[in-house]
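Have the viewer open and follow along.

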Amino acid sequence: MATSASTTPGKTVGRPYAVVTGASSGIGFELARLCANDGFDLMLSADRPLDSAAQDLGSTGARVDVVETDLATREGVDAVIGEVGERQVDALIANAGHGLGKGFLDQDFDDVEHVIDTNITGTLYLIHELARRMRDRGGGRILITGSIAGFMPGSFQAVYNGTKAFIDSFAEALRNELKDTGITVTCLMPGPTDTEFFERANLMDTKVGADKHKMDPAEVAAIGYRAMMDGEADVVAGIKNKLEVAMAKVTPASLLAEQHRKLAEPGTAKAEGKKTTGSKARRDGKDG
Ligand SMILES: NC(=O)c1ccc[n+]([C@@H]2O[C@H](COP(=O)([O-])OP(=O)(O)OC[C@H]3O[C@@H](n4cnc5c(N)ncnc54)[C@H](OP(=O)(O)O)[C@@H]3O)[C@@H](O)[C@H]2O)c1
C-alpha cells in the first residue's frame with residue numbers, strides 16, 4: 001500500500017482509529033483488513049457475530065473492538081457511537097448495506113424499509129454524528145460505499161438502486177460542503193462483487209446473481225482504500241464498471257431500466273450461459 005495511516009489529516013496521536021461498518025464479510029471485511037495492515041486500530045460493526053473477523057484482524061497487532069447491532073435503527077447506530085466514546089475517529093468507513101430482489105410489489109414492506117434504513121438513514125446518522133467531531137478537530141477521512149447501481153434505475157431491485165443513487169449523490173455533496181474543513185469524503189462505487197450480497201438480497205435466481213465474473217472483494221476494497229487515503233472524491237472499481245457508468249450516463253433511463261430487468265428479474269439466471277456471450281454480454285449493464 002503506497003499510502004500510510006500516518007498521513008491521516010488532523011492531529012492524530014498514537015495509532016489512528018478507523019470505524020468500519022458492515023465489516024463481518026465482503027468488501028467491509030477487506031477494507032478493515034487494509035486498515036489493520038496499515039496501522040489502524042479498529043471498531044467493527046455488523047449485524048452478525050464479528051468474533052472471527054476480530055480474531056483475524058487482531059493478529060496484525062491492531063486493537064479491534066466490535067459492536068453487533070442493527071445499523072438500520074437509531075439504537076444500533078447509537079451503540080456504535082457509544083463504543084467509540086471519546087476516541088478520535090481518523091477514518092469512518094460507512095460500508096454496511098444490503099440489497100433486496102424481486103418486484104417492488106412482491107417485496108415485504110418491512111424489508112423495503114430495512115434497506116432504506118440501513119443504506120440511507122443509518123448511514124447518514126452515523127456520518128452526521130462522527131463527521132461533526134471530525135469538523136471540530138479539523139480533520140478525518142470518510143469513505144462511503146455507494147454503487148454503480150446508483151446510475152441505473154434498478155428494475156427488480158428498484159429500492160436498492162434508489163438508495164445507492166441517494167448515497168452516490170449525498171457523498172459528492174457532503175464532500176463539497178466539507179471542502180475547507182480538512183475532512184475528505186470519498187465514495188467507493190463497486191459493480192458486481194463476489195460477496196454474500198446477492199444471496200442476502202435473494203438474487204441468486206437472477207442473471208446478475210448467477211454471474212461468475214464478479215470482482216474480488218479484496219480488489220474492490222483496495223481500490224476504495226487507496227482512493228480514501230488519497231482523498232479522492234469517488235472511484236468506480238474496475239475498468240468494466242467504469243465503462244458501464246460511462247454508458248449509463250448517455251443511455252436513456254427507460255433503456256437502462258429495461259436492461260436491468262434482464263439482469264435482475266427472478267428466473268433470469270436460467271438464461272445465463274445461453275444468452276450471455278460476446279458483445280451482448282457487454283451491452284447489458286451490470287450493477288450490485
Ligand atoms: N457485492 C456487490 O456486488 C456490491 C456492489 C456495489 C456496492 N455494494 C455495497 O457494498 C457494501 C458491502 O456489501 P458486500 O458486497 O460486501 O456484501 P456483504 O458481504 O453482504 O456485506 C454487507 C455487510 O453489511 C452488513 N450489514 C448489512 N445490513 C446491516 C444492518 N442493518 N446492520 C448492520 N450491518 C449490516 C453485513 O453484516 P451482517 O450480515 O452481519 O448484517 C455485512 O457485514 C454494501 O453497502 C453494498 O450495497 C456491493
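Which residues of H10 are buried? They are Leu256, Gln259, His260, Lys262, Leu263 and Ala264. "Buried" here is a neighbour count: 20 or more other C-beta atoms within 10 Å of a residue's own, with 12 or fewer called exposed, anything in between partly exposed, and C-beta atoms placed from the backbone.

## Before you read on

This is a predicted model, in which local features need pLDDT of at least 70 and side-chain atom pairs count only at pLDDT 80 or more, while totals for chains, interfaces and linings use all residues. Residues are numbered from 1 along each chain as its sequence is written.

## The chain overall

There are 11 helices and seven strands in the chain. Those labels come from DSSP runs, numbered from the N terminus: H or I of at least four residues for helices, E of at least two for strands. Of the 288 residues, 49% are buried.

Take the contacts between residues at least 6 apart in sequence: 71% of them join residues at least 24 apart. A contact means two C-beta atoms, placed from the backbone, within 7 Å.

## The sheet

Seven strands make an open sheet, running E3-E2-E1-E4-E5-E6-E7, with parallel pairing. Strands pair if DSSP finds at least two bridges between them. E3 (64–68) and E7 sit at the edges with a single partner strand each, so one side of each has no neighbour in the sheet. On average, neighbouring strands are turned by 15° against each other, direction ignored.

E1 (residues 17–21) pairs with E2 in the parallel sense over five bridges, and alanine 18 stands opposite leucine 42 in E2.

## Strand E2

E2 (residues 41–46) is mostly covered, with six of its six residues buried. Side chains in a regular strand alternate between the two faces of the sheet. Here both faces are covered: Asp41, Met43 and Ser45 are buried on one side, and Leu42, Leu44 and Ala46 on the other.

## Helices to look at

Back to H10 (residues 253–264): its 12 residues should span 16 Å at 1.5 Å a residue, and its end C-alpha atoms are 16 Å apart, which agrees. The expected span is 1.5 Å times one less than the number of residues. The buried residues of H10 pack against helix H7 (207–210) and helix H9 (239–249).

H4 (residues 109–137) and H5 (residues 158–177) pack at about 10°, axes 10 Å apart, which makes H4 roughly parallel to H5. Roughly parallel is under 35 degrees, roughly antiparallel over 145, roughly perpendicular 65 to 115, and the rest oblique. Axes are lines fitted to C-alpha atoms, for helices over the stretch in contact, and angles run from 0 to 180 degrees between N-to-C directions. Val112, Val115, Ile116, Asn119, Ile120 and Thr123 in H4 meet Val159, Tyr160, Thr163, Phe166 and Ile167 in H5.

## A loop residue

Aspartate 230 is in the loop between helix H8 (217–229) and strand E7 (234–236). It counts as partly exposed because it has 14 C-beta neighbours inside 10 Å. Its C-alpha atom is 9.1 Å from that of threonine 184, 46 residues away along the chain.
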